[in-house]
Amino acid sequence: MSKRLIPALLVCMLLLVACGQAATTQAPVEKTEAPAEETEAPVEETEAPGVQVEVFSWWTGGGEAAGLDEMIKVFGAANADIEFVNSAVAGGAGTNARAVLASRLAAGDPPDSWQAHAGQEIIGTYVAGAQIEPLNDLYESEGWMDVLPDTLIPLISEGDNIYSVPVNIHRANVMWYNPTVVADAGVEIPTTWDEFFTACESIEAADKICLSMGEQWTAMHLMEVVLLGELGADAYNGLWDGTTDWGSDEVTAALETFNEVLGHVNSDASTLTWQDAAQLVANGDAAFNIMGDWVDGYFSGDTTGGNLGLVPGEGYGWAPPPGTDGVFQFLSDSFVLASGAPHPDAALAWLKVCGSKEGQEAFNPVKGSICARTDCDADLFNVYLQSAMEDWATDIVVGSLTHGVTANDSFKDEINTALGLFMGDLDVAAFQEALVAACSSAGPCQ
Amino acid sequence: MTFARRFSRIVLYALLILLSVSYLLPIYLMLVTGLKPFAEVNLQTMWQLPNRIAFDNFLEAFDKLWPHLRNSLFMVLPAALISSMIGSVNGYIFSKWKFRGADLIFTLILFGMFIPYQSILIPLVQFMQFIHLRGTLPGLILVHIIYGIPITSLIFRNYYAQISTEILEAGRIDGAGLIGLYRWIMFPLSIPGFVVVLIWQFTQAYNDFLFAVILTNTAQWPVTVALNNMAGSQIVQWNVQMAGALLAALPTLLVYILLGRFFVRGLMAGALKG
Amino acid sequence: MSAISDRNVPSGLPPSDRSRPHAPRQGRRLAFTIDRILSVLIVLPSILAISIFVYGFIAWSVRVSLSAWTKGLIPNYTYSGLTRYIELLSDRRFGIDMRNTAIFTSLFLVVCLIVGLLLAILLDQRLKGEGFFRSIFLFPMALSFIVTGVAWRWLMNPATGTRISGLNLLFDQLGLDFLISRWHTTPPPWGIAFVVIPAVWQMSGFTMAMYLAGLRGISDDLREAARVDGANEFQLYRYIILPQLQSVTLSAVIVLGHTSLKIFDLIVAISQNDIKLDVPAVYMWRTTFDGSNYSRGAAIGIVMLITVAVLIVPYLISSMRSQEAKL
C-alpha cells in the first residue's frame, strides 16, 4: 500500500495546486457584494483582456457599501467596457485596510485609486510619499472648482496642486440626544460645558447615563469636539498649524474640561462600538452622545439593514455640542489617483464619477452623508442631512483630527497614544506634556 | 460497584457536564445571535432564544462566503499536505541522518517558529511581489508552507526519534539507501504523525488572517478575510457575522470530529514529546 | 561536508556495519557518501527558505530599526543608531506593553496547563462519551478569533445595573453575584489577566489532548503496582503519574508560548485599541501602519524577538545537547 501512497499524495498535491491556480485565474473577479447586479448582468467572459479599474476602500458593509455599489452602477453605465474591481477591505476606521494599502504601496503594486480622508491624511502621507498624482487638469475639465466650497480646496491641496476628489462630507461635531430622557430630567439642551455639567447632575439623578461613549477612537472624537468648543475655531485651527501652543493655559483648561466630561460617561465605554454607544441614547439609557453624523444614518435608516428606524426629531434630536454652534467640524472621504496606476485612464474615469453630481447624488443619500458638491438636490436627503447641508454652506469650517483632516498619521498616532495613557491614569498634566512632545516630534511644532 | 465508586462517577460526570456547558457558552451565544433577526440583537437580551428563527442570516452569510470558502480549501489542503511532507522529510533527516552541524541548523530552523509575523510583513510583501507571487493563492500557500517548516519538522523529528533505529538498520542490510529507507520504512510508520501535523497545519492556515489579508486580492481571499469584510466600519450586522463565523468554522470542526481520536493517538505515538 | 567519519554516522545506525560480511565495503562507502550528500540536499530548500523568510527578514527589520524611517511611506534608511531602542526605554506605552505581556504569557501558560491537565485527568477515567467530551473541549481551537473575539467581548461586558449583560447577567440570574466582575476593564495592571480567559478557552483543549496522550502512555501496570502499595488516587497522580508527564509539559509550554505571542487578533478584538490592554504586537502594528513610524515598529519587533530568544534559546540549546548526548 505504501508503494502507492507517496506518488498518490504527490499527485494529489499537484492537482490541488493546479486547481487552486486554475480557480484563481478563471474565477471572474468578484464583483462587489451587489447581488442585484450579479444576477442581472452576467459577468462578461470576453477573450480580450478587458480594461479594469481597481478601487481600494474600507467600505465593506452597511450603508457605505450600498452607497459604493450605487456609485459603481453610475460608473458602469458610463463605462461599460471597464471592469470595476472592488478591493474593499474592512477594519475599524480602515485599520486593516491601511495596513494592506501600505504594504501594497511598499511593494510597488498600488491599486488604481484608493479611499483616504481629505486633509493631512492625504497630504502628509500620500503626497509626501509621492504616491499620488495631482488632479488639477481633471478639476479644470470637469469644472469642479465652481461647485466645491472654497474652504475645502486648500485642505486637499499641497501648493497649487489638488490631490484628491472628495465624495462626501460628514460633520463630526454633533450632539445627539434622547428627547424623552432630556425632558424627563427637566433640562435644556446645554450650549456651554458648564451647562452640560449641570444638566448631567439632573440626568444622573434620574439614574441615566449623561453622555455615552465607546472605544478609544470615540474618545478621541469627543476630545477634539471639547477642544473645539473650549478653544474656539481659530485657536483650534492653531493647534494644527503650530500657532496655538499645546502647552498653553487655554489648552490646560480645555483638557481639564475633557477630563470632567469623561467623568460623566458610561463605565463600560471601552467595550462598546460607536453604534453600541449611540444605541444607548436611542434606547433611553443615556441622554447624550457626541459622534459624527453617520449616527443619523444608523438612527433613521431602515431596520432591515440593521439600523434603528427612528424618526428624526422624534426618536432622537441633535444639536451642536457645547461651544461649537456655528462651526462645522468636517471630514470627507476622498479618492486619489495612484502614481504608476496600472490603468490611469480608467482611474480617471472613476474619479470623474466620484466628483460628478450624478455620482455623489447616487452615493450620499444611501451612505447618509451630504455631497461635497454644493449643487446636489436637497430633496434627496432626509431632514437631518438637509440641515447639515445648510450649515455646511454657512458655518465656519474646521477639520476633524480623528478622521484625518488636521494631523498627519504620525502626529495623530502620537496623540492617540497620549490619549490612551491618559484614559488609564487621568493625569491631565502628564497628558498635556505628552501632547506637547507629540507636536514637536511629529506635528507642526518641529 | 460500590456506593463510593458510583458517587464518584456521578461527581465526575457532573463536573464534565458543567465544564462542557461553560466551554459551549460562547458557541451558544454565536448560534443564538446567528439565528436572530438584526432588530433583536441586543446586548441585554443576548442569552434569550430568538423570537423567530431567521435562517436567512446563514443563507446570506453562505452567499457571501462561499467563493472564499472554496479559496480557503484550495489554499489549506495543499499548504497542509506539502508542509507535512516537507516536515516529515526534514524530521527524518534531522533525527536519523545527522550530518555535521545538523543540530545547529535544526535549532536555527526551529527559531523561525517564534518570529512575530507582524514585524516582517513589509519585507514579506516586497519579496512576494519580487517573485511575482503576491496576490495569488500559490503565493499564500508558499508562505504557509515556509512558516510551517519549523513546527512540522519539530513534530516529525520528535516522532521519528521514538521509532527504533533497528528497523532502519534492517532495511539498510537489505541494501536500501536514504530514500528507500524513508519510502519503505519510515513513511508507512508516519501516519499518526501526519494526522497531528495535518490537523495542526490545517487549523493554522485555515484560521490565518494576517498573511491572507496582506498577500491576496479580492478574488483570492480566503474565508477569514471575507468574514472580516462582512463588517463595515459603520454598521456591523452581528447576526450575519456570527452565522458566518459558524459556517466558516465548519470545515475545521469536521476535521476535528473526524480525526479527533487519531489526533490524540498521534500525540500518544510520540509526536510533540519533548 | 567533510568525508564521513564514525562520529558522523546517522544516529542509531551502528557504526560497525563495515563488519557485515555481505556488504562489499567499497560499494557501501559509495552509497553512504551519496546518501550523506542527499541528506543535505533534501533539507537545503528548507534551509534556504528559512534563511530568507526568517533571517533575511529579521535582518531587514534590524536595518529599519536602526534607520530614521519614522514618517511616511518613503523608506529613509539614514543610519540613526540605537535611537529607537533608547526611546522605547522611556516609552510609557511600551512599558505597559511589556508588563501586560509578562502577565498575560505567564498566566496563560499556567492556567492553560492546569486546566488542560485537569480535563485530561477527568477524561482518563474510562468514561462513556469520552469522544464527545473531548470534541467539545477541542472545538474552540477550530474557531478563528476574528469573530470569537467579538463573542468574548460581549460575554465580558462589564456594564452593571439595568444594562447588565453577558456573563455578569448570567451570574446575576443564577444568584452567583459574587462572580460579577469588571472583566478586562478592571483597572491596570490586572485587566489584561481577564483576556487570558478566552485564550485559555481556545487552547486548553490542545493541552488536554497532549496530556491525555501522555496519560495513555503510562502503563496500567505502574498504576496497579502503586495501588497495590496502598497509594490512594491523589497520591497516585501526585507521586507516580505527574512526574511522568514532565516532557509533555515542556512541549506544551513551547507550543503555548509561541501561540501566546501570536495571539494578536484576540487582543485587538477585545481591547479595541485600548492602551490599558496593549501588547507589543499591537503597538508595533499601530505605530507602523497607523503612525507610519516604520523604524519604531521594527524596533518593537526586534525587542519582542530578543525577549523570545532569551526565553527560548536555553531550551533549544539544551534540547540540542540532549539530542547529541543520545548519539
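Analyst: Happy to; a few labels follow, each set against its definition. This is a predicted model, in which local features need pLDDT of at least 70, side-chain atom pairs count only at pLDDT 80 or more, and totals for chains, interfaces and linings use all residues. Residues are numbered from 1 along each chain as its sequence is written, chains are lettered from A and ligands numbered from 1 in the order in which they are written, and side-chain values use heavy atoms, with hydrogens and water left out.

User: Why is B:F262 called partly exposed?

Analyst: Buried means under 20% relative accessible area and exposed means over 50%, with partly exposed in between (1.4 Å probe, protein chains only). B:F262 has a relative accessible area of 35%, so partly exposed is the label. This residue is found in helix α11 (residues 238-268) of chain B.

User: And why does A:P344 count as partly exposed?

Analyst: Its relative accessibility is 39%, therefore A:P344 gets that label too. A:P344 lies in helix α14 (residues 344-355) of chain A. A:D112 is 232 residues away from A:P344 in sequence, yet their C-alpha atoms are 6.7 Å apart.

User: What makes β9 and β11 of chain A edge strands?

Analyst: In chain A, four strands form an open, mixed sheet in the order β9-β10-β8-β11. β9 (209-212) and β11 (317-319) each have a single partner strand, so one side of each lacks a neighbour in the sheet. Two strands pair if DSSP finds at least two bridges between them.

User: How do you know that β9(A) and β10(A) pair?

Analyst: They share three bridges, in the parallel sense. In one of them, A:I209 is partnered by A:A286.

Technical notes:
Helix = DSSP H or I, 4+ residues; strand = E, 2+ residues; numbered from the N terminus.
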